[in-house]
Amino acid sequence: MEFQLATLDLVVIFIYGLATLGVGLWVSRRASGNIRSYFLGGNKLRWYFLGISNASGQFDISGTMWLVSLLFIYGLTSIYIPWLWPVFNQIFLMVFLSVWLRRSGVMTGAEWITFRFGEGLGSRLSHLSVVVFALVGVMSFLAYGFIGIGKFAAVFLPWQLHAEPYWNEVLYGLIITAITTVYVVKGGMFSVVFTEVLQFFIMTIACVAVGIIAMQQVSPEVLQAVIPNGWTDVGLKWTLDMDWSGTLDAANTRIAADGYDMFGIFFMLMLLKGILVSMAGPAPNYDMQRILSAQSPSEAAKVSWFVNVVMLFPRYMLITGLTALALTFFMDDLRAMGEAVDFEQILPMAMKHYVPTGLLGLLIAGLLAAFMSTFAATTNAAPAYVVNDIYKRYINDDADPKRYVYLSYIVSVAFVVIGVGIGLFIPTLHEIIQWIVSGLYGAYAASNVLKWYWWRFNGYGYFFGMVVGLIIALGLPMLTDLDPLYAFPFMLAACLFVCVVGSLLTPPDDMDVLKRFYVKVRPWGFWGPVRDAVQADYPGVKANPHFWRDAANVVVGIVWQTGLVAAPIFMVIQHWQEFATAMAVVAVTSLFLWRNWWCKLEEYPDDMPAELVREAEESIVSKH
């Protein structure tokens with residue numbers, strides 16, 4: 001007999017979806033007044049709302065399905081695998097990069113390029129390259145969301161739209177995507193933030209409830225009987241040594257296909273890539289938009305901190321609860337599938353069979369709404385670049401504000417169509433995630449690290465590095481079967497070479513542009529000649545002295561974040577000694593960060609001339 005959602009669950013889903021759409025349309029009046037209001041909420045959104053909004057976006061269906069499959073197969077070792085994104089980029093952002101970025105007062109990542117490199121040909125080329133990168137990223141994430149929502153919805157929604165399971169998933173994905181597009185096109189950043197705040201509180205309730213259900217139904221002894229040796233180990237080892245033989249042989253096949261068995265090599269590559277990508281700052285997508293939407297530099301830093309505080313514990317209660325239920329009660333069904341197990345279906349299948357009526361409807365509604373939030377925020381990034389950075393800059397810089405907003409509607413719809421088209425040709429979430437985090441973000445790393453820390457790096461070097469990186473990233477799937485992560489060192493070396501040579505063979509950027517950037521942002525790094533030129537005008541200006549403090553806060557912050565991931569996993573599987581240890585780590589690192597980071601946040605450097613502080617603050621208010 002086919003599974004059918006209970007009437008109560010369907011009613012909950014309908015009411016929740018209606019409320020989400022209603023809030024989005026209600027706030028759209030505030031969003032449609034002008035372009036800055038549409039993209040940044042007029043810089044009137046408080047840091048805790050933006051943090052909750054970002055946290056809600058982390059509940060996306062596709063990513064949660066992937067994390068459940070990782071925890072199921074790899075156990076506690078899986079807490080490190082999301083470093084592929086890397087998840088600890090939020091630590092770099094909260095410690096120093098969000099402050100630096102917000103001080104610029106720009107609207108988009110591409111506009112930031114002009115702030116950094118000026119108005120010359122090199123700047124224009126680099127500006128176009130980052131717009132292209134951003135739009136490729138938008139299309140990739142839209143495809144990623146489309147794949148996940150189709151797989152998820154086909155398990156639960158009661159209508160069989162097509163006899164073939166694949167086309168059933170596609171049709172559900174198309175329908176839900178169309179509804180989401182209406183919501184995002186009308187509301188801009190206001191609808192994204194306000195509806196995500198609503199969704200976050202509902203999802204948190206559902207996540208905690210699922211974790212409690214798993215704790216009640218799955219004892220540590222029962223779980224231990226079905227997991228392989230080493231599943232609960234959180235320590236790092238050179239080899240994975242996770243053997244599912246005789247329990248679920250398909251899991252061994254997946255481990256071999258992922259290439260994670262030599263975990264020491266994988267971990268070092270992942271850490272190297274993660275540090276470099278994090279030092280590059282946020283990719284030009286919805287994460288950057290939330291930071292630029294903050295009211296001040298210190299509030300931008302708090303946004304990135306708050307994401308970890310409010311998101312990690314409830315999300316991993318959900319992930320661990322569903323994983324524990326699947327391990328205990330769904331193993332026979334998985335064995336029956338043989339080698340054809342789709343581990344990405346573990347989340348919806350566990351929900352379908354083991355979450356009670358009412359709560360199931362709430363959880364489905366919350367995940368569907370979280371998909372809408374992530375999809376909406378991603379879609380919102382596309383018109384920010386096309387309209388603000390192409391149309392407004394190169395075609396019509398004096399149009400009626402309403403024209404820009406209406407054009408944004410058209411661009412949003414066009415990119416949704418393209419993203420869905422790409423999603424039709426990609427079979428699994430794991431495949432596109434691997435390419436996004438290692439291929440696409442690998443292409444981004446070299447140029448965007450150098451832009452913060454080396455004064456001689458110019459617009460030409462940025463452009464050449466980005467173009468070479470994108471060519472390699474887009475060519476990888478067609479030219480080789482090499483995992484994008486293992487190709488990353490070669491991509492990085494090629495891009496760094498092109499960046500450095502391209503910069504040294506072309507003139508440096510205008511010194512006045514560099515001076516303005518340095519005085520406002522005040523990065524640490526190799527800025528000696530620029531600092532000397534600044535001090536000729538403002539003798540009191542000093543170098544940023546906080547490199548070692550920031551480095552210590554980053555290291556402690558990564559430990560803090562990892563503790564916040566491990567603690568709810570240990571709690572749900574009822575390993576109380578390990579849970580207490582993880583919480584002690586969180587407490588000690590929290591105290592350190594409070595004293596060495598929170599208490600030392602500043603809007604602008606103390607030695608920044610008063611007239612430049614006023615100029616920076618006024619530009620944020622008056623811009624556009």
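Trainee: Is Asp537 buried, partly exposed or exposed in this predicted model?
Mentor: In this predicted model, the relative accessible area of Asp537 is 44%. A residue counts as buried under 20% and as exposed over 50%. The value for Asp537 falls in between, so this residue is partly exposed.

Trainee: Which residues are linked with Lys515 in a network of salt bridges?
Mentor: Side chains of opposite charge can pair when their charged atoms come close. Here Lys515 is part of a network of salt bridges, and the residues linked with Lys515 are Asp512 and Asp537.

Trainee: How many residues apart in sequence are the parts that Arg116 and Asp509 tie together?
Mentor: The side chains of Arg116 and Asp509 meet in a salt bridge, at 3.9 Å from N to O. Both Arg116 and Asp509 are buried. Arg116 lies in helix α6 and Asp509 in the loop between α20 (484–504) and α21 (511–521), so the parts tied together are apart in sequence by 393 residues.

Trainee: What separates Arg254 and Asp258 along helix α10?
Mentor: Arg254 and Asp258 form a salt bridge, with the closest N and O atoms 2.9 Å apart. Arg254 is buried at a relative accessible area of 13%, and Asp258 is buried at 4%. Because the two are four residues apart in helix α10 (residues 249–258), their separation is about one helical turn.

Trainee: Which residues does Thr114 touch, not counting those up to four places away in sequence?
Mentor: Thr114 lies in helix α6 (residues 109–117). Its relative accessible area is 16%, so Thr114 is buried. Beyond those sequence neighbours, Thr114 touches Glu119, Ser123, His127 and Arg393.

Trainee: Which residues make the nonpolar surface patch of about 410 Å²?
Mentor: One of them is in helix α1 (residues 7–31) and is partly exposed, with a relative accessible area of 40%. That residue is Val11. The patch is made by Val11, Phe14, Ile15 and Leu18.

Trainee: What is the average pLDDT of the protein?
Mentor: Of the residues, 87% score at least 70. The average pLDDT is 83.

Key:
Residues numbered from 1 in each chain as written. Predicted model: local features only at pLDDT ≥ 70, side-chain atom pairs only at ≥ 80, totals over all residues. Heavy atoms only, no water. pLDDT = per-residue confidence, 0-100. Buried < 20%, exposed > 50% of the residue type's maximum accessible area, 1.4 Å probe, protein only. Contact = heavy atoms within 4.5 Å. Patch = residues over 30% accessible without salt bridge, like charges linked within 9 Å, V, L, I, M, F, W, Y side chains within 5 Å. Areas by Shrake-Rupley, 256 points an atom, 1.4 Å probe, with all protein chains shown as cover. Salt bridge = Lys/Arg side-chain N within 4 Å of Asp/Glu carboxyl O.
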